[in-house]
Amino acid sequence: FLVAEFEVTDPVGWKSYQDGLRAMPPNGGVFLARAAKGAGLAGAQPKTITIVQFPTVEDAIAFDSSPAYTALKPLRDKSSNWRSYVVEGLPK
């Protein structure tokens, strides 16, 4: 799973990032939560959360390092406070 926690700081720049992301070809990821609100139970309250399921951890990392997504990272980073990570799910 690729998990992203973020707070949008520039709505105009964020829209450009989202438009670019939506234009990317499908890559095997399935959204389980997209720009969803979360409720903090301990620690800092999350602002907005996205969770994308990939077939493997390697697929999630490949998406994050793909040329198409790497090109969008400056827009993402300029228009949000962003934290993301990959976590392995339980075996089936």
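## Second largest pocket

In this predicted model, the second largest pocket holds about 260 Å³ of space, a volume being the space filled by probe spheres set on grid points that are joined across faces, edges and corners. Of the 13 residues lining this pocket, Phe-54, Pro-55, Thr-56, Gly-89 and Leu-90 are the closest to its centre. A pocket is an open set of points on a 1 Å grid over the protein atoms alone, where a 1.4 Å probe fits, with protein on both sides within 12 Å along at least five of seven lines, and lining residues have an atom within 4 Å of a point. The lining divides into 7 nonpolar, 3 polar and 3 charged residues (Ala, Val, Leu, Ile, Met, Phe, Trp, Tyr, Cys and Pro count as nonpolar, Asp, Glu, Lys and Arg as charged, and the others, Gly among them, as polar).

## Largest pocket

The largest pocket contains about 480 Å³ of space and is lined by 26 residues, with Leu-21, Phe-31, Arg-34, Val-52 and Phe-63 nearest its centre. Among the elements that give two or more residues to this lining are strand 1 (2-8), strand 2 (30-36) and strand 4 (80-86), while helix 1 gives the most, with 5 residues (helices, H or I of at least four residues, and strands, E of at least two, are DSSP runs numbered from the N terminus). By class, the lining has 16 nonpolar, 6 polar and 4 charged residues.

## Contact of helix 2 with helix 3

Phe-63, Asp-64 and Ser-65 in helix 2 meet Pro-67, Tyr-69, Thr-70, Lys-73 and Arg-76 in helix 3, where contact means heavy atoms within 4.5 Å. The residues of this contact comprise 3 nonpolar, 2 polar and 3 charged.

## Basis of the values

Residues are numbered from 1 along each chain as its sequence is written. Local features need pLDDT of at least 70 and side-chain atom pairs count only at pLDDT 80 or more, whereas totals for chains, interfaces and linings use all residues, and side-chain values use heavy atoms, leaving out hydrogens and water.
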